[in-house]
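Please keep the sequence and the coordinates at hand while reading.

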Amino acid sequence: MNVRLKFLGAAQCVTGSKYLLELDKEKILIDCGLFQGQKELRLRNWASLPVDPSTIGTVILTHAHIDHIGYLPRLVKDGFRGRIICTHATKDLMYIMLRDAAKLQEEEANFAHKKGYSKHSKPEPLFTIEDAERVFKLVDSVRMEKEVKVIQNSSVTFYNAGHILGAAIVELKINTNAQSKTIIFSGDLGRYNDPIMYDPKAITDADILLIESTYGDRINPMDQVENDLIEIINQAVKQHGTILIPAFAVGRTQVLIYYLNLLMSQKRIPTLPIYIDSPMAISVTELYERHGDMHKIKVTRKGGELISIFDSPNIHFCNTSESSKALNEIKHAAVIISASGMATGGRILHHLFHRLRQENDTVLLAGYQAAGSRGRRIQDREPTVKIFGEMVPVNCQVKTIHGLSAHADQNDLLQWLANFKKKPKKVFITHGEIESATAFAKKIREIGWDATIPAYLDSVELFDGI
């Protein structure tokens with residue numbers, strides 16, 4: 001058997017994760033993500049996939065972030081009819097994520113048609129809600145650490161990666177009469193000692209290793225998170241202001257709720273009303289209770305209901321547009337958490353439109369703000385930012401808190417690698433910008449391992465004649 005690996009995404013960038021394994025004539029795709037960010041990357045979503053989707057037999061998913069699953073509806077639209085294998089929690093998250101992504105695709109196409117800024121007379125979405133629904137019929141979810149046959153002579157096992165709900169390290173085993181080979185795909189690794197997610201599972205053996213390098217060039221200490229939150233929130237309360245937090249719906253919102261609940265219970269900050277104003281975040285938060293074995297938050301059953309810190313009496317979920325709009329009338333100390341995390345869209349824009357003008361209010365940025373994003377412009381204290389076609393003055397307090405990322409930093413990545421009993425024959429550094437990947441490759445080479453940073457569409461022979 002000959003085994004080849006082709007990098008169809010997440011090569012020298014942090015998006016569009018797709019790795020094509022060819023085992024003789026059989027094709028397996030590990031992850032199927034959308035390219036996001038820069039235009040030159042996003043254009044790849046519209047180009048024909050370098051492999052005919054109808055020839056792919058299986059897709060294996062590490063987790064449910066859009067840069068790992070978001071191309072699935074297009075793959076199905078273009079002819080894929082195989083099996084999609086993932087963990088149970090990833091399946092549940094995928095339903096939420098793909099429906100939302102498809103809705104956005106349709107809305108963007110309609111908006112482009114209405115405004116006439118597309119070069120096409122009738123712009124089409126990359127995929128539709130109907131395409132997303134077709135994906136769900138192909139999904140086969142399995143539990144962690146259960147070995148599942150993929151094709152003849154190969155099997156897959158998922159191990160907890162931390163990161164987000166359901167995220168997994170993928171172990172692919174290839175067995176022939178002559179020998180057995182193991183390929184490990186790290187997926188996106190979580191942090192050690194994360195307050196919510198468990199540590200990534202220790203993996204001890206691999207012939208071939210693909211490891212992410214999102215933060216391969218930096219350290220993100222978590223030890224200041226609580227003190228920074230205490231200082232920022234107590235100052236905002238003194239000013240009788242509202243704290244507005246743009247936050248990603250998956251992971252970031254839930255960890256913010258955890259920290260705020262902890263500090264309030266310890267009376268290190270006042271007990272304030274917390275409003276969660278993101279339909280996706282509300283749906284995702286419910287999954288944390290359904291999959292209580294996947295994280296450290298205590299979930300109990302009371303009557304027929306699952307109860308956790310997300311059901312605290314001071315936490316309010318805004319399920320309607322009316323309840324969302326009503327938040328604009330709050331003139332006292334409160335916390336509003338809304339998506340998106342970089343203020344690129346979603347309900348957060350309505351809140352920023354009203355709150356940025358208020359000198360006693362605080363916008364708390366709880367994550368990385370990409371260059372060019374609205375969140376970055378606010379972080380840089382530009383005097384005005386454009387929202388709904390209007391230049392809105394930034395008069396409020398602007399604060400940033402670090403250490404909340406769900407991604408392993410350089411120390412976490414090296415700690416995870418230290419579990420291997422012997423060095424893999426080959427290590428591929430993926431899912432990182434070139435600067436980050438290069439810095440991490442250097443660290444790996446320092447311990448005597450063979451590390452390569454593949455480029456987009458690179459193809460390598462892993463095993464010949466096994």
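This is a predicted model: local features need pLDDT of at least 70, side-chain atom pairs count only at pLDDT 80 or more; totals for chains, interfaces and linings use all residues.

The residues of α6 that are buried are V225, L229, I230, I232, I233 and A236.

Helix α6 consists of 14 residues, and the distance from its first C-alpha to its last is 20 Å, close to the 20 Å expected at 1.5 Å a residue. The helix is followed by H240, a residue with a positive phi, near 55 degrees.

## Packing of α6 on α7

Two packed helices are described by the angle between their axes and the distance between the axes. For helix α6 (residues 225–238) and helix α7 (residues 252–265), the angle is about 70 degrees and the axes lie 11 Å apart. Angles of 65 to 115 degrees count as roughly perpendicular, and α6 and α7 are therefore roughly perpendicular to each other.

On the α6 side the contact is made by V225, E226, L229, I230 and I233, which meet Y259, L260, L262 and L263 in α7. By residue class, the contact of α6 with α7 comprises eight nonpolar residues, no polar ones and one charged residue. Of the α6 residues in this contact, V225, L229, I230 and I233 are also among the buried residues of the helix.

## The seven-stranded sheet

Seven strands form an open sheet with mixed pairing, in the order β6-β5-β4-β3-β2-β1-β24. At the edges stand β6 (139–142) and β24 (459–463), each of which has a single partner strand, so one side of each is left without a neighbour in the sheet. Neighbouring strands of this sheet are turned against each other by 25 degrees on average, with direction ignored.

## Strand β3 and its two partners

Strand β3 (residues 26–30) is mostly covered, since four of its five residues are buried. Its pairing with strand β2 (residues 19–23) is antiparallel and extends over five bridges, whereas its pairing with strand β4 (residues 58–60) is parallel and extends over three bridges.

Definitions and conventions
Residues are numbered from 1 along each chain as its sequence is written. Side-chain values use heavy atoms; hydrogens and water are left out. Axes are lines fitted to C-alpha atoms, for helices over the stretch in contact, and angles run from 0 to 180 degrees between N-to-C directions. Helices (H or I, at least four residues) and strands (E, at least two) are DSSP runs, numbered from the N terminus. Angles under 35 degrees count as roughly parallel, over 145 as roughly antiparallel, 65 to 115 as roughly perpendicular and the rest as oblique. Contact means heavy atoms within 4.5 Å. Ala, Val, Leu, Ile, Met, Phe, Trp, Tyr, Cys and Pro count as nonpolar, Asp, Glu, Lys and Arg as charged, and the others, Gly among them, as polar. The expected span of a helix is 1.5 Å times one less than its number of residues. Buried means under 20% relative accessible area, exposed over 50%, partly exposed in between (1.4 Å probe, protein chains only). Two strands pair if DSSP finds at least two bridges between them.
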